[in-house]
Amino acid sequence: PCINGGTCKDDGNGGYTCDCPINYVGNDCEIKCGKADVMYIVDASGSIGDANWPPIVNFLKDLTNAFNVNQDFVRIGTVRYSTGAELLWSMDSCNSAGCVNANLDNMAYSKGSTNTSGALWLTWEQGYAAANGNRTDAKDICILFTDGRSNKDEHLTIPYGQELKKRGCATFVVAIGPPQDINEAEIDAIASDPLATFKLWLQTRNFDDLVDFIPPIVMQACQ
């Protein structure tokens with residue numbers, strides 16, 4: 001039943017799963033991905049912890065590998081934030097998953113506070129600037145990762161999150177941490193609707209489980 005070059009595998013329960021080739025998703029590899037300009041917005045604040053930084057990088061690398069990264073289809077740039085926010089590379093600077101993943105491997109863990117509002121502002125001001133590769137005929141997709149709540153210019157976090165969506169970015173929030181550590185009002189305001197699709201909250205501190213969020217992100221991004 002797998003199509004478009006997908007490989008069918010027995011799931012051990014009388015059913016099957018499909019390993020889809022790059023640029024195809026869906027239960028049967030029936031959905032072909034189109035153009036997308038993707039920005040990773042990565043929390044590198046002190047609450048993450050040194051031991052959890054490598055799993056975050058690995059999650060982003062696995063997510064990158066699930067997209068068809070090249071100049072014609074999916075482009076990926078990255079903003080890292082802690083006390084400040086920085087555009088580490090623009091979406092037009094890499095034309096392959098290997099390039100993005102090499103940059104991710106070199107992405108330092110900066111520590112500090114959590115300036116989510118600064119990251120959101122920088123994403124629309126620079127990340128999606130035409131001069132940095134944003135295309136008018138591509139879907140804009142933001143994937144914000146956080147393990148807590150903003151604590152610098154936090155009064156701007158919700159309005160800036162709403163502004164990013166108004167500017168046309170379909171925004172996923174990938175949050176990790178128990179309810180007492182997460183400002184749910186913030187992540188609800190940043191994530192696009194429906195929240196059941198765009199709000200991905202892992203209420204533990206098991207960073208290795210982030211990989212479970214890759215299929216729903218890619219599926220939605222391709223639709």
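**Cavity and pocket**

Reply: A search of the whole structure, which is a predicted model, finds one cavity of 30 Å³ or more.

Me: What volume does the largest cavity have?

Reply: Rolling a probe the size of a water molecule over the atoms shows where empty space is left. The lining of the largest cavity includes Thr116, Leu144, Thr146 and Gly148. Its volume is about 40 Å³.

Me: Which element gives the largest share of the lining of the largest cavity?

Reply: The lining consists of Thr116, Leu144, Thr146, Gly148, Arg149, Ser150, Glu186, Ile187 and Ile190. Two elements, β8 and α5, each give two or more residues to this lining. The largest share, three residues, comes from α5.

Me: How many residues of the lining of the largest cavity are charged?

Reply: Arg and Glu count as charged, and Arg149 and Glu186 are among the lining residues. The lining of the largest cavity divides into three nonpolar, four polar and, as charged residues, two.

Me: Which residues lie nearest the centre of the largest pocket?

Reply: The largest pocket holds about 200 Å³ of space. Its lining is made up of 14 residues. Those nearest its centre are Tyr24, Val25, Ala66, Pro215 and Val218.

Me: With which residues is valine 218 in contact, leaving aside its neighbours within four places in sequence?

Reply: Valine 218 lies in helix α7 and counts as buried because its relative accessibility is 4%, where the limit is under 20%. Aspartate 188 is 30 residues away in sequence, and the two C-alpha atoms are 20 Å apart. Leaving aside neighbours within four places in sequence, valine 218 is in contact with Val25, Leu63, Ala66 and Phe67.

**Strands and helix**

Me: Which residue in β10 stands opposite valine 173?

Reply: Strand β9 (residues 170-176) pairs with β10 in the parallel sense, over four bridges. In β10 (residues 199-202), Lys199 and Trp201 point one way and Leu200 and Leu202 the other way, and all are buried. The residue opposite valine 173 is lysine 199.

Me: Why do the buried residues of α4 line one face of the helix?

Reply: The buried residues of α4 are Thr157, Gly161 and Leu164. Seen down the helix axis, these buried residues of α4 fall within one arc, so they line one face. An α-helix has 3.6 residues a turn, so residues three or four places apart point the same way. The arc for α4 is 60 degrees.

Me: Against which elements do the buried residues of α4 pack?

Reply: Helix α4 is followed by glycine 168, with a positive phi near 105 degrees. The buried residues of α4, among them Leu164, pack against β5 (36-43), α3 (116-127), β8, β9 and α5.

Me: What is omega for the peptide bond that joins aspartate 193 and proline 194?

Reply: Most residues other than glycine have a negative phi, and most peptide bonds are trans. Proline 194 is found in the loop between α5 (184-190) and α6 (195-198). The bond joining aspartate 193 and proline 194 is cis, with omega about 0 degrees.

Me: Is cysteine 29 buried or exposed?

Reply: Cysteine 29 is placed in the loop between β3 and β4 (31-32). Its phi is positive, about 60 degrees, although cysteine 29 is not a glycine. Because its relative accessibility is 0%, cysteine 29 counts as buried.

Me: What does aspartate 153 count as at 36% relative accessibility?

Reply: Aspartate 153 lies in the loop between β8 (139-146) and α4 (157-166). Its phi, near 50 degrees, is a positive value in a residue other than glycine. At 36% relative accessibility, aspartate 153 counts as partly exposed.

Me: What distance separates the C-alpha atoms of cysteine 2 and glutamate 30?

Reply: Cysteine 2 lies in the segment before β1 (7-10) and, at 17% relative accessibility, counts as buried. Not counting residues up to four places away in sequence, cysteine 2 touches Thr7, Cys8, Tyr16, Thr17, Cys18 and Asp28. Glutamate 30 is 28 residues from cysteine 2 along the chain, and their C-alpha atoms are separated by 8.0 Å.

Methods: Residues numbered from 1 in each chain as written. Predicted model: local features only at pLDDT ≥ 70, side-chain atom pairs only at ≥ 80, totals over all residues. Heavy atoms only, no water. 1 Å grid on protein atoms, 1.4 Å probe; cavity = no way out; pocket = protein on both sides within 12 Å on 5 of 7 lines; lining within 4 Å. Points joined across faces, edges and corners; volume = space filled by probe spheres on them. Buried < 20%, exposed > 50% of the residue type's maximum accessible area, 1.4 Å probe, protein only. Pairing = 2+ DSSP bridges. Arc of directions from axis to C-beta. Contact = heavy atoms within 4.5 Å.
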